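Biologist: I am new to this structure. Please show me how to read it, feature by feature.

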Amino acid sequence: MITKIFTVSNKLGIHARPAGMIVDITGQARSDVSIVFDGSKANAKSILNVMMLAIPAGSEVKFEIDGEDEEIVVQQLEKLFDDHFNEEPC
Amino acid sequence: MTTSTKNPAEYVKKSSDGASRKSPRTVLVGVPSSPGFAMGTVFPIANREFSVVEETLPESRIPAEEQMFLKAVTKTAKEIAQIKEISESRAGVKDSLIFATHLMILQDPGLVNGVLDKIKKKRKNAKWAVHVVFGAYIEKFEKINSPAMRDKAADLRDLYNRLMSAMDDSGPVLEDVADEKGIVLVAHEFVPSFLMTLKPGQVNAIVMDTGGRTSHVAILARALQIPAVGGLRNVAALVKNGDTIIVDGSHGKVIINPNDDDVRKFRERQEIFERQRRELFTMRQLEPMTRDGKYIVLHANIELPTEADKVKDFGATGIGLYRSEFLFLKKDAPTQSEQESAYKHILETMAPYPVVIRTLDAGGDKLVSGISAVNESNPFMGWRSIRVCLDREDVFITQLRALLLANTQGNLRILLPMISSMSELRRAKACIEKARKQLEDEDHKPAVVKVGAMIEVPAAVMIVDKLAKEVDFFSLGTNDLIQFTLAVDRTNELITDMFQPHHPSVLSMIYQTVVAAHREGIPVAVCGEMSADPMSVLLLVGLGVDELSMTPWSVMTTKKIIRSINFEDVRDTALTVLQMDDAEAVNAFLYKKYAQTITELGISSFVGQVEK
């Protein structure tokens, strides 16, 4: 299992569109992916769960990825966060 | 057990039993959601109540219920995909992202499995299962302490209604409104997909109890240019079918059953608004010239190559800033030919108008993977922009080669960002020459290209007379210049009020740049947010700036401002405020002198109110 912490660096935080981009990655992964924020842990393959965390800009979120393609998933997520979800950074 | 749920989106016309007795005149103030004025007949859209009965099913019926739910999901997904397509063609891809989210929610494992579990394990009927599972999610979203996420509850209700009616097999949702014309829709809440199914010209305005300026309905209404007022709390309960209603989407006001005086005032305002809007559109034909004949070049800033296609429609005569780093954000580093075709698209679309392309401005707040350094303690003053390019000559030369090759029309201007010393400028120019030499050795004949420096570091202003001798133009990056001059991080919420574009030190920097440039006979452009603010436009023109570049939409309003002023007058104003000692004094002076004029231009619905 890989555990990785990312910082949310787009201005609007994880609203609907970034949540969709995360699920685009996790939904196709063979690994189990969880997202942990502010003490709550959720299935990162569910856009509703990810949106419900209402993660604001500047927060740190933890991902737990467990499975055969965990390395690839973590790389894809890393790129997504590094690119601020292709949005205006904060 | 039977549960009634009040839900929007199942748009049933309210019964007209109240129509004979009109509601009294009522004025309500809400949130201006989409500008414009309209009057029309109220078409209330009531929330249909679904009756959902809880049943526990015999084993034999379970597969059928399961199928019913899955079919409803497929049907709804098709419906949304269709609306998405209509919406993309009418409002653009960006404003249609909401429907992609809807599609994703429909595939959410928690949601779908939740419903299927209720059917299979608890042996419940499909409608009840959908009702309970959606109900729980909606409730959770409504409790979230973030307005943007709370808005998502409306999206879930939209999906709930679509699924329910799909299982009801009750045809398309919007038949009731299809034949109406000139109506004002009033509801407790609207869902985005509903708006997209309206025919153009069918609805005069939209009025709702809920929603703010940033809700999806508001964004879509603005894209469709339908006046809208949200946040009215109880308007849906107050109106009756057939009531007359006046909607002022610019100020967020509605009047139910107005009196003669209201109607007269409304007609006056509507006439003015419509005239101003028409005038704004005719602006694109007119020259951006002050009343005493000073010509100001108006350019557009773009971030995507495809935006170039629309720029001329807004009356811009060139691109003042194309930020090339957006190409780099997508992939690790675009190849030379990928870059060349992106640049070529812009340059050929705009020819013969000039196009300013800024070389890679990575770092600071714009990180590019594979190129940017990580974890700098002070990224805005760190390894960024031209500094990265000069260190990573391979990346820089590739970009320069692509730029020179794309310049088949000869209208390219290369802009070097973040220049802070002569040696940086000379090294960057040497790279351009190196790229040109390489291409010539490969039997290409790159056209001559103008090279400019971005003035955004105070150090550059201090040596601006020297820089002016070695470039073809200056472009003032006001956002960074203000940030560095005032030592105010514009992303720090604690000091946002200190980010003062009209601080005398900033104005003085701009003025010095203009003076040095004009001494050498080169033009100065401003491509930051300042060039779209009405008061700043007056100041910048007065200070002698030759070109303003802004988002395409702002070009028309800025042109209108420029055509209403005398250069001599704003020149005097600029020279007067240069003598002032703080931003408050400058702003107060500008307000006193020009607020009236700008208000009278009637562009407040487009540029916002004039602030004191």
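Predicted model: local features only at pLDDT ≥ 70, side-chain atom pairs only at ≥ 80, totals over all residues.

Biologist: How many helices and strands does chain A have?

Modeller: Helices (H or I, at least four residues) and strands (E, at least two) are DSSP runs, numbered from the N terminus. Chain A has three helices and four strands, in the order β-α-β-β-α-β-α from the N terminus on.

Biologist: What share of the residues of chain A count as buried?

Modeller: A residue is buried if 20 or more other C-beta atoms lie within 10 Å of its own, exposed if 12 or fewer, and partly exposed in between, with C-beta atoms placed from the backbone. In chain A, 43% of the 90 residues count as buried. One of the buried residues is A:Phe85, with 22 other C-beta atoms within 10 Å. A:Phe85 lies in the segment after α3 of chain A and has a positive phi of about 55 degrees, although it is not a glycine.

Biologist: How many residues of chain A are in contact with chain B?

Modeller: Two residues are in contact if their C-beta atoms, placed from the backbone, lie within 7 Å. By that rule 20 residues of chain A are in contact with 24 residues of chain B. On the chain A side, two or more residues each come from α1 (16–26), α2 (47–52) and α3 (70–82). The most come from α2(A), with five residues.

Biologist: Which strands of chain B pair with β6(B)?

Modeller: Two strands pair if DSSP finds at least two bridges between them. Strand β5 (residues 183–187) of chain B pairs with β6(B) in the parallel sense over five bridges, and B:Val186 stands opposite B:Val207 in β6(B). Strand β7 (residues 228–230) of chain B also pairs with β6(B) in the parallel sense, over two bridges; here B:Ile206 stands opposite B:Ala228.

Biologist: Why is β6(B) described as largely enclosed?

Modeller: Six of the six residues of β6(B) (residues 203–208) are buried, so the strand is largely enclosed by the rest of the structure.

Biologist: Where does helix α23(B) bend?

Modeller: The bend at a residue is the angle between axes fitted to the seven residues ending there and the seven starting there. α23(B) bends by about 55 degrees at B:Tyr594.

Biologist: Which residues of α23(B) are buried, and what do they pack against?

Modeller: An α-helix has 3.6 residues a turn, so residues three or four places apart point the same way. In α23(B), the buried residues are B:Ala583, B:Val586, B:Leu590, B:Tyr594 and B:Ile598. These buried residues pack against α19 (504–519), α20 (534–543) and α22 (567–578) of chain B.

Biologist: Where in chain B is there a cis peptide bond?

Modeller: The cis bond joins B:Ala351 and B:Pro352, with omega about 5 degrees. B:Pro352 is in the loop between α12 (336–350) and β12 (355–358) of chain B.

Biologist: What is the phi of B:Ser385?

Modeller: B:Ser385 has a positive phi of about 60 degrees although it is not a glycine. B:Ser385 sits in the loop between β12 and α13 (386–391) of chain B, and is buried, with 27 other C-beta atoms within 10 Å.

Notes:
Residues numbered from 1 in each chain as written. Chains lettered and ligands numbered in written order.
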